[in-house]
Amino acid sequence: MTSLITLRQTSTHAALRLSPALMCKATSLRRSTFVSYRNFSVFSSFRDSGSATLTGNEGAPIPTIPQDEKLKDQTLQSSGSGKEKTSLMKPDKHNYFTEAAWPHPIYTVEQMKAIDIAHREARTFSDKVALAAIRVLRRSFDIATGYSHPKPGQEGMSEFRMTGERWLTRFVFLESIAGVPGMVGGMVRHLHSLRALRRDRAWIETLLEEAYNERMHLLTFLKLSNPRWFMRFMLLGGQGVFFNLFFACYLISPRTCHRFVGYLEEEAIVTYTRCLQDIHAGRLPEWQKLEVPDIAKQYWKMGDNCTMEDLILYIRADEAKHREVNHTFGNLDQKIDRNPFALKIDNGRPQPTKGLQTIKSTGWERDEISA
């Protein structure tokens, strides 16, 4: 039986990565196949080069796409049926990098070490609601990650001891949750901008950048830790519940949600500060020679000799920035105020920046950034 593949000509040429074994099983064709449709042709000699070259009416060749040697066809035996099925085996290690969608601002060592633990007092009813919610979440989070926060002077006691593995587990859980609010807020405001047919005063970009930054934290820690099935199950359930709750709350009171995130970032800074204290005290000897992942070196523009202490300093500084941004957003009128971290004015007073030059731990008040 002869099989025929027809490739339709479209206005845009898409280069498709093909698996020869998969195509042979699906079509019963040989590995060397020539298909002609009008003036558009495809010739593939998988046996020789493992690549496909496309040419169109213009006569200019479309770039060849080589087959990735790491993506080999894996034949699996299905249980009890005796039938074979084909899938692509993922590579064990990715050797590629992409440029950051939002380039990270430059932090100095002095700026990062100056980050401190701070708390904004709850002044309004919505502030108190946000603070109560974060305390419930913090307690649940501590139970899930086996963490107990010591009082001053108790850090070295055995019941409060944290190993490197336990710290990484806590970080993975924290960052998987922390990456949700920015995406939800940016999504809601994006859709509102589309419906209202007007600009958003630059809130969307900062919120999405926050989500992107938190995800970079998570990807970095995943290079150092491999969560087990129970942790992955908790992350699945936690994200499903948290995303929907936060989405509903953001539709009702975005100001309360930003205050909630500000308090969440306060707790994150407490966590990373205690981790730095453990590093300084020598309680994490396994981290002394632990190499910082390349993805972190590229994103934060870190040197080749950077350490885990440097990595935690950068991440804590990011959380401090998110604390400032969300406490500031919680002080603003959600409908008419500009995003002061993106739309800048000169009112003769210091103004917020994307970096740490003029950071305010408890956020900027509305009258401080008014024109």
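Author: Start with a cluster of rings. Trp 102, Tyr 107, Tyr 212, Tyr 299, Trp 300 and Tyr 314 are joined by ring pairs. Rings of Phe, Tyr and Trp (its six-membered ring) pair if their centres lie within 6.5 Å; planes under 30 degrees apart are stacked, over 60 edge-to-face, the rest tilted. The model is predicted, so local features need pLDDT of at least 70 and side-chain atom pairs pLDDT 80 or more, while totals for chains, interfaces and linings use all residues. Numbering runs from 1 along each chain as its sequence is written, and side-chain values use heavy atoms, without hydrogens or water.

The structure has 17 aromatic pairs. In one of them, the ring centres of Phe 171 and Phe 221 are 4.9 Å apart and the planes meet at 35°, so this pair is tilted. Phe 171 belongs to helix α4 (residues 164–196) and Phe 221 to helix α5 (residues 203–222), so the pair ties together parts 50 residues apart in sequence. Helices here are DSSP runs (H or I, at least four residues), numbered from the N terminus. Phe 171 and Phe 221 are both buried, that is, under 20% relative accessible area with a 1.4 Å probe, protein chains only.

Now turn to an annotated site. An unreviewed UniProt entry lists Glu 214, Glu 265, Glu 319 and His 322 under "binding site". Such annotations may be inferred rather than shown by experiment. These residues spread over 109 residues of sequence, yet they cluster in space. Their largest C-alpha distance is 11.1 Å.

Take Glu 319. Glu 319 sits in helix α9 (residues 308–331). Its relative accessibility is 1%, so Glu 319 counts as buried. Setting aside neighbours within four places in sequence, Glu 319 contacts Glu 175, Glu 214, His 217, Glu 265, Ala 268, Ile 269 and Tyr 272. Contact means heavy atoms within 4.5 Å.

His 322 is also in helix α9. With a relative accessible area of 8%, His 322 is buried. Residues up to four places away are again left out; His 322 then touches Glu 210, Asn 213, Glu 214 and Glu 265.

One more record remains. UniProt, in an unreviewed entry, gives residues 229–252 as "transmembrane region". That stretch is 100% helix and 0% strand. Its end C-alpha atoms stand 35 Å apart.

Technical notes. Helix = DSSP H or I, 4+ residues; strand = E, 2+ residues; numbered from the N terminus. Buried < 20%, exposed > 50% of the residue type's maximum accessible area, 1.4 Å probe, protein only.
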